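Keep the model in view while reading.

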Amino acid sequence: MTVTVSPATFRFVNFDSAVVAHIAQELVDTLAIDRPLHIEIDETTPLARMRADIADTITIHVESGAFEDSRRPRDQSEAATAANLGRILLRVRDRLHGGFGEAPADADLQLRQMAAWETYCAGRLARLGLAVNQQRWRYNFRNRFGFTDATDAAFEQIWAADGLTWGELEAISSAAQ
């Protein structure tokens, strides 16, 4: 499938659209995404939000902080680009093919639901060989569900899972409460 990136040239951040496109193409191939992908990067904000519009072409809207190097603001990090694009592309794939049809729209997800889904995505990316900081995601999960043994057990189960449905993800994360 084709991958396009806009803008083609950046004015406020030191990003390379060809690098973004290359990373995205590798992820699209690895994750078997079967639709064209367009990535729109808002380079005017240091925030790191991302959202996806799923239609005939998948459009990922990215605020440039999602692709930045945490040690060198305004510079692109290939690892952050891959990890963040990978997470949102896995959520897209889950919605299209993975039993997540009943999941709320991204804007309607509760913080706990998003933490559980992000944990599920990050765990799968780690198994694919991408650099993912498990402790970061464990801390995020604990912040949403509490610092308990039940929370840690739910995190481990979600992190190690493949092929969950939305209902199964909700059931596992409910056990953390």
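## Helices α5 and α6

In this predicted model, Ala154, Gln157 and Ile158 in α5 meet Leu169, Ile172 and Ser173 in α6. By class, this contact of α5 with α6 has 4 nonpolar and 2 polar residues, and no charged ones.

Helix α6 covers residues 166-174. The axes of α5 and α6 lie 8 Å apart, and the packing angle is about 155°. Angles over 145 degrees count as roughly antiparallel. α5 and α6 are therefore roughly antiparallel to each other.

## Helices α4 and α5

Helix α5, residues 149-159, also packs with helix α4, residues 134-145. Here the angle is about 130° and the axes are 10 Å apart. That makes α4 oblique to α5. The crossing of α4 past α5 is right-handed.

Which residues in α4 meet α5? They are Gln134, Trp137, Arg138, Phe141, Arg142 and Phe145. On the α5 side, the residues are Thr151, Asp152, Ala154, Phe155, Glu156, Ile158 and Trp159. The residues of this contact of α4 with α5 divide into 7 nonpolar, 2 polar and 4 charged.

## Helices α2 and α3

The axes of α2 and α3 come within 9 Å. They cross at roughly 110°. That makes α2 roughly perpendicular to α3.

From α2, the contact takes in Ala83, Gly86, Arg87, Leu90, Arg91, Arg93, Asp94 and Arg95. From α3, it takes in Met114, Trp117, Glu118, Tyr120, Cys121, Ala122, Arg124 and Leu125. The classes in the contact of α2 with α3 are 8 nonpolar, 1 polar and 7 charged residues.

## The largest pocket

What is the volume of the largest pocket? It is about 1,200 Å³. The lining has 38 residues, and those closest to the pocket centre are Ala48, Asn84, Arg87, Arg136 and Trp137. By class, the lining of the largest pocket divides into 17 nonpolar, 7 polar and 14 charged residues.

Strands and helices both contribute. β2 (37-42), β3 (50-54), β4 (58-63) and β5 (68-69) each supply at least two lining residues. So do α2 (78-97), α3 (111-127) and α4.

Terms used: Residues are numbered from 1 along each chain as its sequence is written. This is a predicted model: local features need pLDDT of at least 70, side-chain atom pairs count only at pLDDT 80 or more; totals for chains, interfaces and linings use all residues. Side-chain values use heavy atoms; hydrogens and water are left out. Axes are lines fitted to C-alpha atoms, for helices over the stretch in contact, and angles run from 0 to 180 degrees between N-to-C directions. Helices (H or I, at least four residues) and strands (E, at least two) are DSSP runs, numbered from the N terminus. Angles under 35 degrees count as roughly parallel, over 145 as roughly antiparallel, 65 to 115 as roughly perpendicular and the rest as oblique. A crossing is left-handed if the near helix is turned anticlockwise from the far one by less than a right angle, and right-handed if clockwise. Contact means heavy atoms within 4.5 Å. Ala, Val, Leu, Ile, Met, Phe, Trp, Tyr, Cys and Pro count as nonpolar, Asp, Glu, Lys and Arg as charged, and the others, Gly among them, as polar. On a 1 Å grid over the protein atoms alone, a cavity is a set of points where a 1.4 Å probe fits but cannot get out, and a pocket is an open set with protein on both sides within 12 Å along at least five of seven lines; lining residues have an atom within 4 Å of a point. Grid points are joined across faces, edges and corners, and a volume is the space filled by probe spheres set on the points.
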